[in-house]
Amino acid sequence: MLSTAMRRTLRAWTILVLVFLYAPLILVLLNAFNSSKTFAFPPTGFTLRWWADAWASSGMWRSLGNSVIVGLCATAIALVLGTMAAFAVQRYRFFGRQTISFLVVLPITLPGIVTGIALNATFTSALGITLGLATVIIGHATFCIVIVFNNTQARLRRLGVRLEDASADLGASSWQTFRYVSFPMMRGALLAGAILAFALSFDEIVVTTFTAGPTVQTLPIWIFGNLFRPNQAPVINVVAASLTLFAVIPVWLAQRFGGDPATTRV
Amino acid sequence: MTVPGRSSHRSRSRISLAFLLVPPLAWLVIAYLGSLAVLLVSAFWSTDAFTGAVVRTYTSDNVTRVLTEAVFRTATLRTIGVALAVTAICIVLAVPLALYMAKVASPRVRLALVVAVTTPLWASYLVKAYAWRMLLSPQGPLTWAAGHTPGYGLIATVLTLAYLWLPYMVIPVFAAFERVPNTLIDASSDLGAPDLTTMRTVMAPLVFPGIAAGSIFTFSLSMGDYIAVTIVGGKTQMLGNIIYGQLVTANNQPLAAALSLIPLAAIVGYLLAMRRTGALENV
């Protein structure tokens with residue numbers, strides 16, 4: 001049992017850290033309604049004008065569209081490949097199983113800039129491919145596989161193999177067992193993995209920078225490109241505030257569908 | 001636990017294993033390991049002085065430049081210093097918080113705190129770095145509230161990176177504190193140990209692997225970062241900026257590849273050092 005004084009100190013520290021975590025996010029929300037164009041604090045007045053400006057920004061919508069396309073395609077690839085790898089690792093015993101897990105996790109353990117430069121060197125110098133949406137999708141899918149893999153693997157481990165064995169004993173083929181037994185039981189984990197993978201892809205900027213080339217912009221690339229233009233600041237503030245509000249969605253959805261956002265983001 | 005297919009299913013199970021394993025393996029080996037191999041090889045290529053095109057003949061010039069030129073050495077040391085400072089700040093902020101979450105808070109408050117700590121992870125990385133740009137701006141809230149701001153530079157970079165990666169430290173440390181049995185803490189205080197002694201002699205050894213696991217993320221993510229430093233770092237040059245500059249501005253892909261071997265080596269070294277602590281099982 002810790003002493004009362006220690007508990008009080010710890011509680012005070014916790015509150016301080018929470019303020020540290022949330023003050024910047026609250027500032028982002030406040031600034032989206034600030035009538036002044038600069039970061040000047042306190043805000044000089046309340047306005048919704050910037051929200052209308054952001055709504056009318058064609059660059060924002062185009063890059064948002066690209067982000068959604070990339071996120072959906074990368075998530076689809078990651079769903080298929082991540083689920084296959086998770087089944088192989090959880091349901092079979094073979095030489096090099098540990099290596100597979102390591103290989104899947106590697107793309108998020110190494111910094112994005114290494115992955116980015118490596119893919120860039122491969123696409124441009126080695127293969128001579130023109131960078132575009134397709135190369136971004138390949139890059140994103142590579143680091144999204146682990147998200148699906150982690151979610152699916154955890155669920156498969158919890159489910160055990162008894163029902164699958166029963167299905168096989170009753171004469172179902174592997175595909176029938178997957179389709180009618182395993183898949184319905186792990187739908188939640190797949191959905192959670194897909195949501196988290198999409199969210200990761202949607203926010204990614206480093207690998208994107210190196211695989212997108214100069215013509216294609218995803219939303220983070222567009223934001224970054226406009227971040228230092230003073231007259232674009234109000235629109236950026238609005239987009240930043242909306243993204244902050246939307247951040248709650250993946251956490252909420254993933255938790256509802258039985259994923260674990262705390263462990264899957266890493 | 002994995003239960004292998006029974007003997008009656010065995011021949012079929014080899015085929016289905018191959019069917020399951022080949023596509024993801026092919027993707028990761030070709031797209032990822034293949035790219036890392038190209039990265040290693042291309043560090044030994046050069047560029048044509050006139051056209052800037054990559055010339056695929058072997059040269060060790062890039063690697064020699066990376067290892068000998070003072071600019072690169074300073075940036076390397078600065079980047080490692082920043083990564084270590086960020087890691088230290090995250091530890092200081094996270095350990096008491098995680099202890100409170102695991103051992104003091106009621107179950108309801110604990111769950112709320114877990115959500116509160118993980119939700120900012122899903123807020124856009126760029127937005128969070130941008131928030132610090134607002135916060136630290138000369139006319140910003142910090143000046144208004146405290147009358148002073150460190151401005152944009154090295155301190156701002158360290159603060160922003162610590163902010164960005166803090167949840168990655170809190171989560172494994174919290175998990176480690178949760179695994180410390182309450183009976184041990186009670187026994188220690190019943191035997192007359194002051195709180196700080198209990199923390200140092202009972203909790204610290206048990207929680208250390210969690211801290212080490214968190215530090216892998218804070219260190220590795222800081223080593224490769226170049227966006228946050230561009231946003232709040234002023235003129236500060238980290239390895240990431242230099243690599244980006246070589247690739248995009250100077251169009252020298254081989255030198256960028258050679259430079260990116262530094263964070264790669266630093267992280268592999270850090271992982272190897274941390275492996276002895278049992279941190280990798282806690283990641």
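**Entry 1. A partly exposed asparagine**

I started with B:Asn251, which is partly exposed at a relative accessible area of 45%. I use buried for under 20% relative accessible area, exposed for over 50%, and partly exposed for in between (1.4 Å probe, protein chains only). This is a predicted model, in which local features need pLDDT of at least 70, side-chain atom pairs count only at pLDDT 80 or more, and totals for chains, interfaces and linings use all residues. Side-chain values use heavy atoms, with hydrogens and water left out; residues are numbered from 1 along each chain as its sequence is written, and chains are lettered from A in the order in which they are written.

I then asked where B:Asn251 has its place. I found B:Asn251 in the loop between α11 (239-249) and α12 (253-275) of chain B. Helices here are DSSP runs (H or I, at least four residues), as are strands (E, at least two), numbered from the N terminus. B:Asn251 is not a glycine, yet its phi is positive, about 55°. Most residues other than glycine have a negative phi.

**Entry 2. Chain A as a whole**

I looked up the make-up of chain A. I noted 13 helices and 0 strands. The C-alpha atoms of chain A fill a box of roughly 70 × 65 × 30 Å along the principal axes. Chain A has 266 residues, and 56% of them are buried. I also checked contacts, meaning heavy atoms within 4.5 Å. Among the contacts in chain A with a separation of 6 or more, 71% join residues 24 or more positions apart.

**Entry 3. Where the chains meet**

The area buried between chain B and chain A is about 9,000 Å², and carbon and sulfur atoms give 75% of it. Buried area is the accessible area (1.4 Å probe) that two parts lose on being put together, summed over both. B:Trp27, B:Tyr32 and B:Trp122 supply 10% of the area that chain B buries against chain A, more than any other three residues.

I counted polar links next. Between chain B and chain A there are 0 salt bridges. There are 13 residue pairs in polar contact between chain B and chain A, both residues at pLDDT 80 or more. A polar contact is a pair of N or O atoms within 3.5 Å; within protein, one must be able to donate a hydrogen and the other to accept it, and residues adjacent in sequence count only if both atoms are side-chain atoms.

**Entry 4. The nonpolar cores**

I looked for nonpolar cores, sets of buried Ala, Val, Leu, Ile, Met, Phe, Trp, Tyr and Cys residues joined through side-chain atoms within 4.5 Å. The largest has 162 residues, and A:Ile223, B:Leu166 and B:Ile227 touch the most other members. Helix α7 (residues 154-179) of chain B gives the most to this core, with 16 residues. This core also draws at least three residues from each of domain 1 (4-42) and domain 2 (69-282) of chain B. Domain bounds come from an automatic or database domain assignment. The C-alpha centres of these two domains of chain B lie 34 Å apart.

I followed B:Ile227 further. Leaving aside neighbours within four places in sequence, B:Ile227 is in contact with A:Ile205, A:Val206, A:Phe224, B:Tyr125 and B:Leu126. A second, separate core of 5 residues includes A:Val136, A:Ile137, A:Ala212 and A:Val216.

**Entry 5. Salt bridges**

I found 2 salt bridges over all chains. The rule is a side-chain nitrogen of Lys or Arg within 4 Å of a carboxyl oxygen of Asp or Glu. One joins A:Glu164 and A:Arg91 (2.8 Å, N to O). A:Glu164 lies in helix α7 (residues 162-169) of chain A and A:Arg91 in helix α3 (residues 58-91) of chain A, so the pair ties together parts that are 73 residues apart in sequence. A:Glu164 is buried at 11% relative accessible area. A:Arg91 is buried too, at 9%.

B:Arg65 forms a salt bridge with B:Glu69, with the closest N and O atoms 2.8 Å apart. B:Arg65 is partly exposed at 33%. B:Glu69 is partly exposed at 27%.

**Entry 6. A buried asparagine**

Last, I checked A:Asn226. I found A:Asn226 in helix α10 (residues 219-226) of chain A. Is A:Asn226 buried or exposed? A:Asn226 is buried, with a relative accessible area of 4%. Its side chain makes a polar contact with the side chain of A:Arg229 (3.0 Å). Not counting residues up to four places away in sequence, A:Asn226 touches A:Gln232 and A:Ile236.
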